[in-house]
Structures are given as C-alpha cells and as structure tokens.
Amino acid sequence: MPLSPEQKAEIESQRAGGERTLRAVSPGMEARLYTAHEVLDHGFVRVIDYMGDDAAICQAARVSYGRGTRSVQNDEGLIRYLMRHWHSTPFEMCEVKFHVKLPVFVARQWIRHRMANVNEYSARYSILDREFYIPAPEQLAAQSTQNNQGRGDVLQGEEAQRVLDLLRDDAMRSYDHYEAMLSQDGQQGLARELARMNLPANIYTQWYWKTDLHNLLHFLRLRADAHAQYEIRVYAEVMCEIVADWVPAAFAAFRDYRMDAVSLSAQGAAALKRRLAGEVVTQENSGMGAREWREFQEVWG
Ligand SMILES: Cc1cc2nc3c(=O)[nH]c(=O)nc-3n(C[C@H](O)[C@H](O)[C@H](O)COP(=O)(O)OP(=O)(O)OC[C@H]3O[C@@H](n4cnc5c(N)ncnc54)[C@H](O)[C@@H]3O)c2cc1C
C-alpha cells in the first residue's frame, strides 16, 4: 500500500476544504488535486499545487490585461499555433508541483531533467521504509538482442522465479542489515547518512517536483515515449492523463505536434519527395546511414 490510512485521511481533509480564489482554476485539475495516483507496486504521483490553465497560456501570449474576450475556439487555435511554431514561452507561464514516490533507479533517470525544482526525502534525517520495487512477472524480461537499452522476451518458469527470489531476498537482507547498523540497542548505532549506503536501487524514495508546463511536456515527450524504460514510462503516462485534464487544449496540441508527430531530416524529406515522385529510393542512394534508414522505414514503410 503506498499510502497509510493517516496519509489518506490527511488527503481527504485537504480535498474537503476549499476557499474562493480570484486565480485561474482548471476544473480538471481541481478534481485531481492531492489525490494519489498509484504507480508500480508502492509508488504514486499526486498534484500538490498548480498555476494557470489553457486560458493563461493565451493570456500570456497576447500579454493581455484580463482573461480577454476571445472564444474557446480562438484560444485553442492560438495554442495549436504556438505549439506548431515552437513559441514555447507562453507554456512556461503554467506551473505544477507534484509529490512523487518512486524507486531510486527511476529517480536517477528522472533527476536528469534539470529544468525543475526538487526537494527529496532526506535519508540523512529520516529512516527509509522497507519498500522495494519488485517487477510484476510480465515485466521481468530478458536483455533485448536488438536494442542495448531495452528488453526482450519475458522470463519464464524457473528462471523468472529465481530472479524474483533474488530480488526479494537481496532487498530484505540489505534492509535487515540497514536496521541492524542503525539500531541503538546495546550499541551506538551507525549514522543514518552512512547506514543507507548498502540499500539497493529498487528502494523507494519520494520528492516534491515542480516545473513549468513547457518543461513538463518536454519530460513527457521523452519519458512517455515507447523508448523510455517501462518503470519511468508508467509515471509519465499517469502525468499525461493529469495534464490532459489540467490544460486540455495544450495537451491536445502537444499530442498532435509532438508526441504523435514525426520529424524528418533533410535526407528523409528528400527521400520521401523522391518516393512520391515515383523513384525507388534505397538506403544506398538516400544519403542516410543504416540505422537512420531503418528508423525511416519503420515510419514510412
Ligand atoms: C530514452 C533515453 C535514453 C537515455 N539514455 C541516457 C544514457 O545512456 N546516458 C545518460 O547519461 N543519459 C541518458 N538519457 C538522459 C538524456 O540524455 C537527458 O539527460 C535527459 O533526457 C534530460 O533531457 P534534457 O537535458 O533535455 O532535460 P532538462 O535537463 O530538463 O533540460 C530541458 C532543456 O533545457 C535546456 N538545458 C538544460 N540544461 C542545459 C545546459 N546545461 N545547457 C544547455 N541547455 C540546457 C536544453 O534545451 C534541454 O533540452 C536518456 C534519456 C532518454 C529519454
């Protein structure tokens, strides 16, 4: 269980409260606020706070004095124009703050996104919980033979069981030793900042992560992508659903012009034009390397 009954009660009381505000409010995001969306076996994502909505993006783009008199259709058109033409600063006017609970090895990938503000749970100050990510059997895959950064077939039978047993046993043994080193029962007890160093990378950590919509969409473009590791992708996918509720027009434009869009190199565009003109284009006469050609073929056939 990612949340204790006390934590759930705290969230319920936060959600029960409410104050009138003059600030922009997104109904879709209000419905999400504070709620923990479970991810992996012990993780979650929840929105702690946000600023702005679709209208705020347009307001900033027009540098207007109020919420303006333009229609929703006008706003959607403007947002799509901004996204299409990489006019990104209006999207930076929206902000969001998440509380995320995630395994440390996922946090290492996540923290590479530098355009965010982070405050992590301190394992110098506090004792970490005995919570480790153990993959579901269908995620326990072999090394991919095609992609050095990917997974192949799902492990089966005895091998799968042996791997699961090793993961669980190692995690429990490390945590037992962590507790033994911390213990002040008949001994001084090792400092928390040192005892934590023998914990494996599948232990859970937590942080508050705040960023603006432009950088969040960049994060989602990379991490909700099929090439991202499953364990970070599942967080990004939940965050996509949240963003779709928060700024529906911006998210639709992002989906159309970034997530589901295809970009072409100069050589790719030339090859496509030649194909449309009826020419047979091969890798050899395309000007593309083998890998780029394979990627081109995957999209265009
Ligand atoms: C599928 C995948 C595989 C990856 N594999 C590896 C790997 O093998 N090894 C590895 O080390 N990393 C790897 N990464 C991490 C990757 O290289 C980036 O560090 C990560 O995705 C963060 O991207 P970012 O720098 O664009 O994001 P952010 O740090 O959030 O930055 C957002 C944008 O701000 C600008 N910016 C930020 N900081 C600077 C700066 N100092 N100078 C100039 N511009 C800046 C850039 O325009 C940048 O795109 C991988 C990422 C993915 C998605």
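How many nonpolar, polar and charged residues does the shell around the ligand have? The shell has 3 nonpolar, 4 polar and 2 charged residues; here Ala, Val, Leu, Ile, Met, Phe, Trp, Tyr, Cys and Pro count as nonpolar, Asp, Glu, Lys and Arg as charged, and the others, Gly among them, as polar.

1. Basis of the note. This is a predicted model, in which local features need pLDDT of at least 70, side-chain atom pairs count only at pLDDT 80 or more, and totals for chains, interfaces and linings use all residues. Residues are numbered from 1 along each chain as its sequence is written.

2. The residues around the ligand are R112, H113, R114, M115, N215, H218, L222, H227 and A228.

3. Overall build. The chain contains 13 helices and 7 strands, where helices (H or I, at least four residues) and strands (E, at least two) are DSSP runs numbered from the N terminus. Its C-alpha atoms fill a box of roughly 80 × 60 × 30 Å along the principal axes. Of the 301 residues, 24% are buried; a residue is buried if 20 or more other C-beta atoms lie within 10 Å of its own, exposed if 12 or fewer, and partly exposed in between, with C-beta atoms placed from the backbone. Among contacts with a separation of 6 or more, 67% join residues 24 or more positions apart, a contact being two C-beta atoms, placed from the backbone, within 7 Å.

4. The sheet. Five strands form an open sheet in the order β1-β2-β3-β7-β4, with antiparallel pairing; strands pair if DSSP finds at least two bridges between them. At the edges are β1 (37-39) and β4 (117-120), each of which pairs on one side only. The twist averages 25° from one strand to the next. Strand β2 (residues 43-51) runs antiparallel to β3 (residues 95-103), and 7 bridges join the two. Within this pair, R46 has H99 in β3 as its bridge partner.

5. Helices on the sheet. Helix α8 packs on the sheet, touching β3 and β7 (204-212), and its direction makes about 130° with that of β7. Helix α9 (residues 230-246) also packs on the sheet; this helix touches β1, β2 and β3, and its direction makes about 35° with that of β2. For these angles, axes are lines fitted to C-alpha atoms, for helices over the stretch in contact, and angles run from 0 to 180 degrees between N-to-C directions.

6. UniProt places the feature "active site" (unreviewed entry) at R223; its annotations may be inferred rather than shown by experiment, feature names are shortened, and positions are given in the numbering used here. R223 is found in helix α8 (residues 213-223). R223 counts as buried because 22 other C-beta atoms lie within 10 Å. Leaving aside residues up to four places away in sequence, R223 touches A228, I232, R233 and A236.

7. For "binding site" (unreviewed entry), UniProt lists Q109, W110, I111, R112, E120, Y121, S122, A123, R124, R196 and R223. They span 115 residues in sequence and the farthest two C-alpha atoms are 29.3 Å apart, so they do not all gather at one spot. W110 is in helix α5 (residues 104-110) and is partly exposed, with 19 other C-beta atoms within 10 Å. Not counting residues up to four places away in sequence, W110 touches L102 and I232. I111 lies in the loop between α5 and β4.

8. The end of the chain. Helix α13 (residues 290-300) is hardly covered, with a count of 1 buried residue among its 11 residues. Just after α13, G301 takes a positive phi of about 80°.

Key. Near = placed C-beta within 6 Å.
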